[in-house]
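Please look over the sequence and the structure shown below before reading on.

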Amino acid sequence: MASGSSSSFSRSRSRSIPSSPPLVKCFHDEIAPLRTVKFDGPTRGKRFYGCPYWPRTCGYFKWADEVDEVKELQFMLFEKDTAISELQYEKECLEESVKKLKENNSKLEDDVNELALENAVKFESMESVKADKKLVFAMLLSWIFFCCCVVD
């Protein structure tokens, strides 16, 4: 029973494999041709991808049955790179917002300091007016006292 299900799985899997091999690139960023092992040994007849500049190769080698895994990993890497790019863009936007907020904060601090200075000047002016009023009141009392003394 188990062997029947695995054979149906392998049949359905073989139908999903495209008739043309996937494009695989070597370390030169050139399309690596699909080749077959022709030497006698345990891998004879096995298919592989290799550098197109063989025998002066970049060292790229991948068995054909491993390419699907590589493509899947490359896609996952692409998704991760996309997510990183999106996060970097979001970070740049947030940094720009922070920069604008800091500039706004600096302007507000300058405005507060200016208002504090204006209030200090007004307070000092009010204190001097208050002192002048006290002086005028003291002079008025002294005139009243003088008038009372002279009249008696």
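This is a predicted model: local features need pLDDT of at least 70, side-chain atom pairs count only at pLDDT 80 or more; totals for chains, interfaces and linings use all residues.

The sections below take up the sheet, a loop residue, the salt bridges, the cysteines and a surface patch.

Strands of a sheet pair through backbone hydrogen bonds, and the pairing may be parallel or antiparallel. Here E1 and E2 pair in the antiparallel sense over three bridges, and leucine 34 has tyrosine 49 in E2 as its bridge partner. Strand E2 (residues 47-50) also pairs with E3 in the antiparallel sense, over three bridges.

## A loop residue with positive phi

Aspartate 29 is found in the loop between helix H1 (2-16) and E1. Most residues other than glycine have a negative phi. The phi of aspartate 29, however, is near 65°, a positive value in a residue other than glycine. Aspartate 29 is also exposed, with a relative accessible area of 55%.

## Salt bridges

The count of salt bridges in the model comes to two. In one of them, the side chains of arginine 44 and aspartate 40 meet at 3.2 Å, N to O, which lies within the 4 Å cut-off for such a pair. Arginine 44 is partly exposed, with a relative accessible area of 49%, whereas aspartate 40 is exposed, with a relative accessible area of 70%.

The side chains of glutamate 95 and lysine 91 also meet in a salt bridge, at 3.6 Å, N to O. Both glutamate 95 and lysine 91 lie in helix H2 (residues 67-151), where they are four residues apart, or about one turn of the helix. Glutamate 95 counts as partly exposed, at 45% relative accessibility.

A disulfide is a covalent bond between the sulfur atoms of two cysteines. The count of disulfides in this model comes to zero. For cysteine 51, the nearest cysteine sulfur is that of cysteine 58, which is 3.8 Å away; because a disulfide requires two cysteine sulfur atoms within 2.5 Å, cysteine 51 is in no disulfide. Cysteine 51 is buried, with a relative accessible area of 2%.

Cysteine 148 is likewise in no disulfide, and the nearest cysteine sulfur, that of cysteine 149, is 6.9 Å away. At 44% relative accessibility, cysteine 148 counts as partly exposed.

## A nonpolar surface patch

Which residues make the nonpolar surface patch of about 690 Å²? The patch is made by Leu135, Met139, Trp143, Phe146, Val150 and Val151. Of these residues, valine 151 is found in helix H2, and valine 151 is exposed, with a relative accessible area of 70%.

Technical notes:
Residues are numbered from 1 along each chain as its sequence is written. Side-chain values use heavy atoms; hydrogens and water are left out. Buried means under 20% relative accessible area, exposed over 50%, partly exposed in between (1.4 Å probe, protein chains only). Helices (H or I, at least four residues) and strands (E, at least two) are DSSP runs, numbered from the N terminus. Patches are made of residues with over 30% relative accessible area and no salt bridge: like charges are joined within 9 Å, nonpolar side chains (Val, Leu, Ile, Met, Phe, Trp, Tyr) within 5 Å. Accessible areas come from the Shrake-Rupley method with a 1.4 Å probe; for residues, only the protein chains shown count as cover. Two strands pair if DSSP finds at least two bridges between them.
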